[in-house]
Amino acid sequence: RMDDTTVARIKKATVYIRITGAKSISSGSGFFIDKNTVVTNHHVVNHPGRLEVVTESGTPQAQTFPARVVGQDSAKDLAIIEVAGANVSDPLKLSDTSGLRETHDVYIFGWPLGERLGQEITVTKTTVSAKRDNGPRGREVQLNGGLHPGNSGAPITASSGRVVAVAVAVLRDTQIHFAIAGEEVQAFLARFHDQ
């Protein structure tokens, strides 16, 4: 089980992402990997409009910052966004999936269904169903449910608080859900970002 201090720390470093277009608003989740850089999915930010990041959404400390995409890979479905004015003191640490096994508990931090549920973050516990080396986005973790639209880009962590994967996709009407393995995210970041 994850302790309260770790839950609070991850919530503080996880962000709500909103793109306001001329006729629609789209949204997703993401997380800080350094003081002003957020990781999310390519499909979350691949929309025309004003890109904003909300920190500590749904709390009295909530702040909204302008952001811009600084790196993306549509095949891996990953993106890096730079958040103007943010200065997060305790960003999240990425880990690989070498220690993950089937049936292990993992935790999803994000905004399922966007703001339809409210502005507060949702934390969902699920389990690992499989590790797949040859998914459409490379190495992936199959989850036993827990993801919904709006969770895309969310950090998926072990009980230690380390990010082991990034939420990405569901097979509709099933409990077969997928996340991009931490090592794929690390390799992506190495191309754009000094860790």
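## Charges

Here Lys and Arg count as positive and Asp and Glu as negative, with His and the chain ends left out; each charge is placed at NZ of Lys, CZ of Arg, CG of Asp or CD of Glu. By that count the protein has 21 positive and 20 negative charges, and their mean positions lie 2 Å apart.

## What you're looking at

This is a predicted model, so local features need pLDDT of at least 70 and side-chain atom pairs count only at pLDDT 80 or more, while totals for chains, interfaces and linings use all residues. Residues are numbered from 1 along each chain as its sequence is written, and side-chain values use heavy atoms, without hydrogens or water.

## Overall build

The protein has three helices and 12 strands (DSSP runs: H or I of at least four residues for helices, E of at least two for strands, numbered from the N terminus). Its C-alpha atoms fill a box of roughly 40 × 35 × 35 Å along the principal axes.

Of the 195 residues, 51% are buried, meaning under 20% relative accessible area with a 1.4 Å probe, protein chains only; exposed means over 50%, and partly exposed is in between.

## Helix H1

Helix H1 covers residues 4-13, and its buried residues are Thr6, Ile10 and Ala13. Looking down the axis of H1, they fall within an arc of 65°, so they line one face of the helix (the arc uses directions from the helix axis to the C-beta atoms). Asp4, Thr5 and Lys12 are exposed on the other side of H1.

What do the buried residues of H1 pack against? Their partners are strands E1 (14-20), E2 (25-34), E7 (105-110) and E10 (155-157), with contact meaning heavy atoms within 4.5 Å.
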